[in-house]
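Subject: Handing over a structure

Hello,

Here is the structure I promised you. Please open it and keep it on screen while you read my notes below.

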Amino acid sequence: MNKDFSASALRYRPQKFQEVIGQDAIVKTLLNAIKNDSLAQALLFCGPRGVGKTTTARIIAKALNCIGYGSKEDPSFDICNNCLPCKSINNGNFLDVIEVDAASRTGVDGIREIIDSVIYSPNNARYKVYIIDEVHMLSNAAFNALLKTLEEPPQNVKFIFATTEIKKIPATIISRCQKFDLQRVDLKTLSNHLKNICQNESISYENDSISHICKASEGSVRDALSLLDQAAS
């Protein structure tokens, strides 16, 4: 094999809703919310590692800000991935999509920076989107500071939280979010996904090997791709 397969988890990360696997109910709910302009101001994605929490958050950020070829005036479920907002979000340098790793900014000072910036309008987008990963790592003081903003967020701001440990998040925060429980991806769906990747990469495989990888990953797409990397190399 001549192709580089060392970063398959990144190369095959879904870039639009239609590519998300194993979360059909959630994708359908998001489709209806975006079409009906009823997406909550704060979303909470919870579930085990590697099932698409942060990936889905980024796709939502694109859906809210995609302009297509200049013809889209409103958020859209159908993302082009070619316009400036989409490309910038994919590259991680879109000014109005702010990703925060709560594990490295657990204190109240880090949250105050977000709160202070919320009041400003987006630079060049419809919505300013804050994605806070591992949100359960925030301190109680940080959660309390965030609470007021979640009660009365500006209309052009969305918060998207991701966590693997929902029990560590205060009930006052959860009650102000639209909560989505992402499930472990079932063996059949994950197996088909890996087989498609193997075919794309011209990797020969045995069904039993794919089955073992899927079982070992325990429903985590990221872990399955990592194991596939090891096997392919």
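This is a predicted model. Its mean pLDDT is 92, and 97% of the residues reach 70 or more. Where pLDDT is low, the predicted coordinates should not be read in detail.

**The sheet**

Start with the strands. Five of them form an open sheet, in the order β2-β3-β4-β1-β5, and the pairing is parallel. The edge strands are β2 (97-101) and β5 (178-181), and each of these pairs on one side only. From one strand to the next, the twist averages 15°. As background, strands of a sheet pair through backbone hydrogen bonds, either parallel or antiparallel.

Now walk across the sheet from β2.

- β2 and β3 (residues 128-133) run parallel and are joined by five bridges. Find Asp101 here: Asp133 in β3 stands opposite.
- β3 and β4 also run parallel, again with five bridges. Tyr130 has Phe159 in β4 as its bridge partner.
- β4 and β1 pair in the parallel sense over five bridges. Ala42 has Phe159 as its bridge partner in β4, and Leu43 stands opposite Ile160 in β4.
- β1 and β5 run parallel, joined by four bridges. Leu44 has Lys179 in β5 as its bridge partner.

Is β4 enclosed or open to the outside? Seven of its seven residues are buried, so β4 is largely enclosed by the rest of the structure. In a regular strand the side chains alternate between the two faces of the sheet. You can follow this in β4. Val157, Phe159, Phe161 and Thr163 point one way, while Lys158, Ile160 and Ala162 point the other way. All of them are buried.

β1 is mostly covered as well: five of its five residues are buried. Ala42, Leu44 and Cys46 point one way from β1. Leu43 and Phe45 point the other way.

**Helix α3**

Next, turn to α3 (53-65). How far apart should its ends be? At 1.5 Å a residue, its 13 residues should span 18 Å. The end C-alpha atoms are 19 Å apart, which agrees.

This helix is mostly covered, with twelve of its 13 residues buried. Among the buried ones are Lys53, Ile59, Ile60, Leu64 and Asn65. What do they pack against? The buried residues of α3 pack against α2, β1, α4, β2, β3 and β4.

**Aromatic pairs**

Last, the rings. The structure holds four aromatic pairs. A pair of aromatic rings is described by the distance of the centres and the angle of the planes.

Take Phe17 and Phe77. Their ring centres are 4.5 Å apart and their planes are at 5°, so the pair is stacked. The cut-off for stacked is planes under 30 degrees apart. This pair links distant parts of the chain, as the two residues are 60 residues apart. Phe17 lies in the loop between α1 (8-11) and α2 (24-35). Phe77 lies in the loop between α3 and α4 (84-91). Phe17 is buried, with a relative accessible area of 1%. Phe77 is buried too, at 11%.

Phe45 and Phe180 make a tilted pair. Here the distance is 5.3 Å centre to centre, with 40° between the planes. Phe45 sits in strand β1 (residues 42-46) and Phe180 in strand β5, 135 residues apart. Both are buried: Phe45 has a relative accessible area of 0%, and Phe180 is at 6%.

Finally, look at Tyr130, Phe159 and Phe161. Ring pairs link these three into a cluster.

Best wishes

How values were computed:
Residues numbered from 1 in each chain as written. Predicted model: local features only at pLDDT ≥ 70, side-chain atom pairs only at ≥ 80, totals over all residues. Heavy atoms only, no water. Pairing = 2+ DSSP bridges. Axes fitted to C-alpha atoms, helices over the stretch in contact; angles between N-to-C directions. Phe/Tyr/Trp six-rings, centres within 6.5 Å; stacked < 30°, edge-to-face > 60°. Buried < 20%, exposed > 50% of the residue type's maximum accessible area, 1.4 Å probe, protein only. Expected span 1.5 Å × (residues − 1). Contact = heavy atoms within 4.5 Å. pLDDT = per-residue confidence, 0-100.
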